[in-house]
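Colleague: I would like to learn how to read a model like this one. Please take me through it feature by feature.

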Amino acid sequence: MPAERDEILTQKVQAVLDSDVRTREYGLKADVVDGKARITGIVDTLAEREQVRRIVSAIEGIRAVENGVAISTDGAITDDDVAFEVGEELEAAGVNRHHVGVKSVKGVVFLQGRVDSQEEIEIAKAAAARARGVKEVISQLKLRPPGGYDDESLEAIFHHQVNNDWEDEGEARIF
């Protein structure tokens, strides 16, 4: 009786979405077919969309999640607005804005620059996902080599010195 099992799972997923403090205000809809949960509705941020996926994935009996949840904001938001909000989220998360630049193209956010650790990359990605209007986060962040240049050619050393790559003054450059 797979249809009965799917109906029970649909009710279970819907009950979790309707009662969870993180998702109940959005009125999300669930449907389960062959153990695969299809979730639809609208949330405010990419982080909330990913939270829905994690919540539903954790429900016993769910084999996969098709996350059809859209991201929408109240009113129009420009790429400049998105980049500004991402910058605020990065600062709130403790990411050094002198090392990380932000560019938004139609809600797709690109993080660029050099950081000291993989953990800082993950923190930056998570922070960017919390900003309004972000549909996707693409990290182009690179790890800063410990105590030297990543390429010992004369051209690379000249490039680093001319662009002041290791100075802490000013924002990360977006090309």
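Colleague: Which residues of α2 are buried?

Modeller: Buried means under 20% relative accessible area, exposed over 50%, and partly exposed in between, with a 1.4 Å probe and protein chains only. An α-helix has 3.6 residues a turn, so residues three or four places apart point the same way. In α2 the buried residues are Leu46, Gln51, Val52, Ile55 and Val56. This is a predicted model, where local features need pLDDT of at least 70 and side-chain atom pairs count only at pLDDT 80 or more, while totals for chains, interfaces and linings use all residues. Residues are numbered from 1 along each chain as its sequence is written, and side-chain values use heavy atoms, with hydrogens and water left out.

Colleague: What do the buried residues of α2 pack against?

Modeller: A contact is a pair of heavy atoms within 4.5 Å. By that criterion they pack against α1 (2–19), β2 (36–43), β3 (64–71), α4 (118–129) and β6 (136–143). Helices (H or I, at least four residues) and strands (E, at least two) are DSSP runs, numbered from the N terminus.

Colleague: In what order do the three strands of the open sheet stand?

Modeller: Two strands pair if DSSP finds at least two bridges between them. The order is β1-β2-β3, with mixed pairing. β1 (29–33) and β3 each have a single partner strand, so one side of each lacks a neighbour in the sheet. β1 and β2 are antiparallel over five bridges, and Ala30 stands opposite Ile39 in β2.

Colleague: Where does α1 lie?

Modeller: Axes are lines fitted to C-alpha atoms, for helices over the stretch in contact, and angles run from 0 to 180 degrees between N-to-C directions. α1 lies across β1 and β2, at about 155° to β1. α2 also packs on the sheet, touching β2 and β3, and its direction makes about 155° with that of β3.

Colleague: Which residues touch the most other members of the largest nonpolar core?

Modeller: In soluble globular proteins, nonpolar side chains tend to be buried together. A nonpolar core is a set of buried Ala, Val, Leu, Ile, Met, Phe, Trp, Tyr and Cys residues joined through side-chain atoms within 4.5 Å. Here the largest has 35 residues, and those touching the most other members are Val13, Ile39, Val86, Leu90 and Leu111. α4 gives the largest share, five residues.
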